[in-house]
Amino acid sequence: MDIMSYFTESNLELWLENFRSLGPLPGILLTFLKSFIPPLPTIVIVGVNAAVYGMWPGFLYSWIGMVAGCLTTFLIVRKVSSSAFIERWAAKPKVQRGRLWIQENGFSYVFLLGILPVGPFVAVNIAAGLARMNIMSYLLAVTLGKGIMVFCVSYIGANVSDLLSQPFKLVGVLAFIIVSLVLSRKLESYYIRRHAPQQ
């Protein structure tokens with residue numbers, strides 16, 4: 001039996017309802033596991049959380065679980081990256097160039113891919129960890145990127161009938177993403193200036 005076939009919308013709703021007595025933990029756990037089991041359907045999980053817990057609580061639980069899972073993966077890989085085996089592999093010129101690129105563009109790399117509800121984001125966490133990306137820069141990027149993605153998926157899931165009849169409302173979602181991108185870049189610039197080494 002394919003275990004992934006269990007993760008349907010109806011099965012997940014039933015599972016969350018059965019464990020409602022545990023509060024937000026089941027909803028947080030589902031999105032946390034996404035960082036370790038890439039095939040889990042992000043859109044379905046986030047949508048089910050919003051359906052079972054409500055728009056805003058569901059958004060919050062999904063956001064917390066996703067950021068916690070991403071950060072855990074990143075920190076584990078970052079720790080392992082200092083091992084002798086990884087250091088020998090990282091000494092190769094092509095790998096060094098890749099690590100340098102992520103170190104210089106890591107915020108945009110993590111933030112922009114974090115907005116996407118599909119794709120192997122676990123690979124992004126691993127790449128950022130291997131490149132030993134600054135922890136605060138990574139946390140800021142993944143928190144903002146995943147926050148935007150989870151909010152948009154939750155909003156669309158909760159208002160799908162309205163969006164089908166009034167598609168112009170999607171413009172508001174796109175505007176929200178663009179404004180968030182601009183503000184996050186300003187926040188990143190402020191963080192870099194504040195923590196830059198003094199001359």
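Me: Of the 199 residues of the protein chain, what percentage count as buried?

Reply: Buried means under 20% relative accessible area, exposed means over 50%, and partly exposed is in between (1.4 Å probe, protein chains only). Here 39% of the 199 residues count as buried. Keep in mind that this is a predicted model, where local features need pLDDT of at least 70 and side-chain atom pairs count only at pLDDT 80 or more, while totals for chains, interfaces and linings use all residues. Residues are numbered from 1 along each chain as its sequence is written, and side-chain values use heavy atoms, with hydrogens and water left out.

Me: How many helices and strands does the protein chain have?

Reply: Both are DSSP runs numbered from the N terminus: helices are H or I with at least four residues, strands are E with at least two. This chain has 10 helices and zero strands.

Me: Which residues of helix α2 are buried, and what do they pack against?

Reply: In α2 (residues 25-33), they are Pro26, Gly27, Ile28, Leu30 and Thr31. These buried residues pack against α1 (9-18), α3 (42-53) and α4 (55-80).

Me: At what angle do the axes of α2 and α3 cross?

Reply: Two packed helices are described by the angle between their axes and the distance between the axes. Axes are lines fitted to C-alpha atoms, for helices over the stretch in contact, and angles run from 0 to 180 degrees between N-to-C directions. The axes of α2 and α3 come within 10 Å and cross at roughly 170°. That makes α2 roughly antiparallel to α3; angles under 35 degrees count as roughly parallel, over 145 as roughly antiparallel, 65 to 115 as roughly perpendicular and the rest as oblique.

Me: Which residues meet there?

Reply: Contact means heavy atoms within 4.5 Å. Pro26, Gly27, Leu30 and Thr31 from α2 meet Ile45, Asn49 and Tyr53 from α3.

Me: Is threonine 73 buried or exposed?

Reply: Threonine 73 is buried, at a relative accessible area of 7%. It's in helix α4, and beyond its neighbours within four places in sequence, threonine 73 contacts Ser35, Phe36, Val122 and Asn125.

Me: How many residues are in the largest nonpolar core?

Reply: A nonpolar core is a set of buried Ala, Val, Leu, Ile, Met, Phe, Trp, Tyr and Cys residues joined through side-chain atoms within 4.5 Å. The largest has 29 residues, and Val110, Tyr138 and Val142 have the most contacts inside it. The elements giving this core two or more residues are α4, α6 (93-115), α7 (121-130) and α8 (135-158). The largest share, 10 residues, comes from α8. Apart from this core lies another of 10 residues, including Leu16, Val48, Val52 and Tyr61.

Me: How many aromatic pairs does the structure hold?

Reply: Rings of Phe, Tyr and Trp (its six-membered ring) pair if their centres lie within 6.5 Å; planes under 30 degrees apart count as stacked, over 60 as edge-to-face and the rest as tilted. The structure holds nine such pairs. Take phenylalanine 59 and phenylalanine 151: their ring centres are 6.0 Å apart and their planes are at 90°, so the pair is edge-to-face. This pair links distant parts of the chain, with phenylalanine 59 in α4 and phenylalanine 151 in α8, 92 residues apart. By contrast, phenylalanine 107 and phenylalanine 111 are stacked, at 5.9 Å centre to centre and 5° between the planes. Phenylalanine 107 and phenylalanine 111 both lie in α6, four residues apart, about one turn of the helix.
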